[in-house]
Amino acid sequence: MFAVYADAPHPDDPLAGLVVGERPEPQVPDGWVPVTVRAASLNMHDLWTLRGVGIKAERFPMILGCDGAGVLADGTEVVLHSVITSPGWTGEETLDPKRTLLTELHQGTFAETVVVPAANVLPKPASMSFADAACLSTAWLTAYRMLFVKSELRPGQTMLVQGASGGVATALVQLGRAAGLRVWATGRSEAKRALAEQLGAHATFESGARLPERVDGVFETVGEATWNHSMRSLKPGGVIVCSGSTTGGNPPADLQRLFFLQLRVVGSTMGTRAELADLISFMDVAGLKPSIGAELPMERAEEGFRAMLGGETAGKIVFTR
Ligand SMILES: NC(=O)c1ccc[n+]([C@@H]2O[C@H](COP(=O)([O-])OP(=O)(O)OC[C@H]3O[C@@H](n4cnc5c(N)ncnc54)[C@H](OP(=O)(O)O)[C@@H]3O)[C@@H](O)[C@H]2O)c1
């Protein structure tokens, strides 16, 4: 079948391992279902996979794509939940130490068909396009959990999003605005800051800029490049919620500021099936549509990968079939 896959890890030149080609038809284990993919979105996770980060070398070749939307054999339109728990796990999905995302152990969604456990599909509302639905199960779910489950921020408080144009960053801006928070964002260029304002940010700033006042919470996916600024931007008792470290994972800890100002640093990863269901409902209730900067046929996936690698994002990059 048609598939976009990583043939081998290339730590320094991730696109060297990207193949737009053919892979064998998937087997369907008991309790799993085949989904005909209609749209899937690109995440930084796919670039990590191409680099060989978070995946064992023996698991290549691996079909890329860790979210998506499609159609079951009976015609039901579905959104995928891509957190796959280990057999027998009954607790909260993201806390299973052996959980994997699609593309870490099981083949991903940039293909004609993806096979997932039957519990990992949710109904797609008829009013939601496949492209919009494809944005929800990684970037938007991660943003939803960071804001509504982990941060403990309330409407009326001020949140700072580090990065303006990324998939998780744009979702945070849109969700925060819809939920009644004062939303500030940093962006590396005027165009990126303009996008955040168009999506609902009340104010935007250059990366690292001094803010007019300190904020209640900072949302981090950037890592080393912005961490010091995030720590310095918090009010006493404020929170950093971190789900990524694109520019490096070992920033200075600044422990004195951490304990003296009683800051909280909270990690967050993906979200549960129930949170994905709530996110799908929230999109409808709040009238939200994900910001899609580029929509390409899956055959042209390489263009999307190049744009993300070059930092040329304007929200999500979606591949359709
Ligand atoms: N833990 C999880 O479950 C989870 C889920 C999703 C994503 N993530 C992680 O979150 C990160 C973002 O993923 P994504 O899919 O949203 O990627 P993306 O769409 O490519 O966005 C990248 C973001 O990083 C910002 N950025 C990159 N380099 C920067 C720098 N030097 N200084 C300031 N900002 C910089 C960009 O800001 P500008 O707009 O200013 O360019 C942009 O907002 C990745 O590390 C990914 O692995 C984790």
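User: Which helix gives the largest share of the shell around the ligand?

Analyst: Start with the kind of model. It is predicted. In it, H4 gives the largest share of that shell, with three residues. H4 spans 167-178.

User: How many residues surround the ligand, and which are the closest?

Analyst: To be near, a residue needs a heavy atom within 4 Å of the molecule. Here 27 residues surround the ligand. The closest are Ser165, Gly167, Ser243, Thr246 and Met270.

User: How many shell residues fall in each class?

Analyst: Sort the shell by side-chain class. Nine residues are nonpolar, 16 are polar and two are charged. Gly counts among the polar ones.

User: Which domains does the shell draw at least three residues from?

Analyst: Both domain 1 (2-135 + 290-320) and domain 2 (139-267) supply at least three residues each.

User: What polar side-chain atoms lie by oxygen atoms of the ligand?

Analyst: Look for pairs of N or O atoms within 3.5 Å. Arg188 has a polar side-chain atom 2.8 Å from a ligand oxygen. For Trp48, the distance to a ligand oxygen is 2.9 Å. For Lys192, it is 3.0 Å. As for cover, the ligand on its own has 920 Å² of accessible area, and the protein covers 89% of that.

User: Which pocket does the ligand sit in?

Analyst: The ligand sits in the largest pocket.

User: Where is there a cis peptide bond?

Analyst: Check the omega angle. The bond from Phe60 to Pro61 is cis, with omega near -5°. Pro61 belongs to the loop between H1 and strand E4 (62-63).

User: Which residue has a positive phi although it is not a glycine?

Analyst: That is Thr103, with phi of about 90°. Thr103 lies in the loop that runs between strand E8 (100-101) and strand E9 (113-117).

Definitions and conventions: Residues numbered from 1 in each chain as written. Predicted model: local features only at pLDDT ≥ 70, side-chain atom pairs only at ≥ 80, totals over all residues. Heavy atoms only, no water. Polar contact = N/O pair within 3.5 Å; in protein donor to acceptor, adjacent residues only side chain to side chain. Areas by Shrake-Rupley, 256 points an atom, 1.4 Å probe, with all protein chains shown as cover. 1 Å grid on protein atoms, 1.4 Å probe; cavity = no way out; pocket = protein on both sides within 12 Å on 5 of 7 lines; lining within 4 Å. Sits in = over half its atoms within 2 Å of the grid points. Helix = DSSP H or I, 4+ residues; strand = E, 2+ residues; numbered from the N terminus. Domains from an automatic or database assignment.
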